[in-house]
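Hello,

Here is the structure I promised to pass on to you. Have a look at it first, and then read my notes below.

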Amino acid sequence: MHVIAIDDEFDAWRAAALDALAQNLAPESIDWRTSQAEPALFNETAALAPPKAADAPHIRVSRELASLLKDAAHFRDARRWSFLYRVLWRWAQGDRSVASPADEDGARLYKMAKAVRRAQHDMIAYVRFRQRDASLGAPEFVAWYEPDHDVLAWGAEHFAARMGRSTWLIATPDGAAMFDGERLRLERGRALASDHANVAPDAAEALWMTYYRSIFNPARLNESALEQHMPVRFWKGLPEGALIPKLVSDARGGARRVAQAQSVGALGGKAVQVDAREAQPERDAPTSLDTCRRCDLWRNATQAVRGAGPSDARIMLLGEQPGDQEDLKGEPFVGPAGQLLQDAMQRAGVAREQVYLTNAVKHFKWEPRGKRRLHKTPAQQEVEACSYWLEQELHDVGAKVIVTLGATALAALLGRRATLSAHVGRVVPYLDKLVVATYHPSYALRQNDEAARERTVAAIVAALELASSLKA
Ligand code: URA
């Protein structure tokens, strides 16, 4: 096995990949390792640096493949360098199908490049600058942004070309870009990021919030269109994002009907006789989960996240607690762990529409880290307090097979002596149900080693297959 260590950026990979091709090294014989460039203060941006291997051998690739490789290189995935080398290797062997979306590698390459282009578009759309107090000096404007992929250098160039000579800084969780009016610089690492981004809202922002509130029309609220135009994961970086959950929940809780009634009332029209009982507006079934105070987690959560899925589902998937995105959206498993779970379900042939997804704890427990909200494992008391709701769901849904995802979910059902290591992959009876224990998808996401991650995902897939084969 050849170990190739590179800086985590395209030009370094390209130079090393060309060398490896020249030595005829097959993809499976290379272990690509990366190191982040030293986080020196305001180095020249890495993306602008010239390629290192000026005298490296050249192979000719199509213009399209070159741009796919370049874009896909910004996809956040530790395995991308070995994958890109496999693509390049196949091309160098004369296998042109690798650049086609009909090929498995080609399809993955297109998907990665598309996601990165989407992240570039998002960065332009969702970066919001705040003006700093002039007495603080440069930078005049700062923004905090959490890109899905490594597009900071690209986005910074976009803003540098459009913001004249004003000085600004864009901070992200893993680096910052600064423009001093003339030159663009990039710093990798967290050092400055959140300090610079912590700027109080400026006057323009207060005006913008007032405006946003006034143009938000609850009568015309279409939640899926809203989320399509402004995905939930960007809300926390946008000033108006802080308003949306409340505006939406007010709309759901009656403001929509009031506004609709007002606009319908304003139309006039002819009077018709109706039975007073039938004229009652349709109301959501009352539930007290929204007002649950059985533990303190409600205090810092946006909302309680109830389970979702058909009420006669045969399989229930039980997670730990909602994450950041679930808390904002009010639905379980819509964030990165949900995506991984969705992929696993697909592999196992289990349709999401046929399972009931829920969590042992219904409020998001978190702690602040800079501008981010980091997941915190719920305490035993919180799990116990919330079992009140879980028991209702177990009764109402009547699922016969419960797949517990992770240790908290397992302990919520079988008690805290039930350890994951002793139960993983096993079927255990519980009341009139069967419980299949497996890992939590976030555990797979946390694994940097590709093989270990795949083993965890495969175990989740196997548990889902097992659950769907059980006739409880
Ligand atoms: N993790 C969970 O356990 N549940 C969710 O809904 C999301 C992430």
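Asn 24 sits in the loop between H1 and strand S2 (30-35); helices here are DSSP runs of H or I with at least four residues, strands are DSSP runs of E with at least two, and both are numbered from the N terminus. Asn 24 is exposed, with a relative accessible area of 55%. The cut-offs are under 20% relative accessible area for buried, over 50% for exposed, and partly exposed in between (1.4 Å probe, protein chains only). Although Asn 24 is not a glycine, its phi is positive, about 60°. Most residues other than glycine have a negative phi.

A word on the source: this is a predicted model, in which local features need pLDDT of at least 70 and side-chain atom pairs count only at pLDDT 80 or more, while totals for chains, interfaces and linings use all residues. Residues are numbered from 1 along each chain as its sequence is written, and side-chain values use heavy atoms, with hydrogens and water left out.

Phe 333 is another residue other than glycine with a positive phi, near 55°. Phe 333 belongs to the loop between helix H10 (324-329) and helix H11 (336-348), and at 6% relative accessibility it counts as buried.

Phe 333 also brings us to the ligand. Around the ligand are Gly 319, Glu 320, Gln 321, Pro 322, Gly 323, Glu 326, Pro 332, Phe 333, Asn 359 and His 440, where a residue is near if one of its heavy atoms lies within 4 Å. By type, this shell has 3 nonpolar, 5 polar and 2 charged residues. In that scheme Ala, Val, Leu, Ile, Met, Phe, Trp, Tyr, Cys and Pro count as nonpolar, Asp, Glu, Lys and Arg as charged, and the others, Gly among them, as polar.

Which polar atoms lie by the oxygen atoms of the ligand? A polar side-chain atom of His 440 is 2.7 Å from a ligand oxygen. A polar backbone atom of Glu 320 is 2.8 Å from a ligand oxygen, and a polar backbone atom of Phe 333 is 2.9 Å from one. The ligand taken alone exposes 240 Å², and the protein buries 93% of that; accessible areas come from the Shrake-Rupley method with a 1.4 Å probe, and for residues only the protein chains shown count as cover.

Glu 320 has a partner within the protein as well: its side chain and that of Thr 408 are joined by a polar contact of 2.9 Å. A polar contact is a pair of N or O atoms within 3.5 Å; within protein, one must be able to donate a hydrogen and the other to accept it, and residues adjacent in sequence count only if both atoms are side-chain atoms. Thr 408 lies in helix H13 (residues 407-414) and is buried, with a relative accessible area of 14%. Leaving out residues up to four places away in sequence, Thr 408 touches Glu 320, Thr 377, Pro 378 and Val 383, contact meaning heavy atoms within 4.5 Å.

Now to the nonpolar interior. A nonpolar core is a set of buried Ala, Val, Leu, Ile, Met, Phe, Trp, Tyr and Cys residues joined through side-chain atoms within 4.5 Å. The largest such core has 66 residues, and those with the most contacts inside it are Trp 13, Trp 32, Leu 84, Tyr 85 and Leu 109. Helix H3 (residues 80-92) gives the largest share of this core, 8 residues. Beyond four places in sequence, the residues that Tyr 85 touches include Trp 13, Leu 21, Ile 30 and Trp 32. Another core, of 23 residues, lies apart from it, with Val 355, Val 436, Val 457 and Leu 464 among them.

Helix H2 (residues 63-72) has Leu 65, Leu 68, Leu 69, Asp 71 and Ala 72 as its buried residues. Their cover includes helix H1 (10-22), H3 and helix H4 (104-126). In H4 you will find Ala 115, which is partly exposed at 24% relative accessibility. Apart from neighbours within four places in sequence, Ala 115 is in contact with Phe 75 and His 149.

Finally, the chain as a whole: it has 16 helices and 15 strands, and buried residues make up 46% of its 472 residues. Of the contacts with a separation of 6 or more, 71% are between residues 24 or more positions apart.
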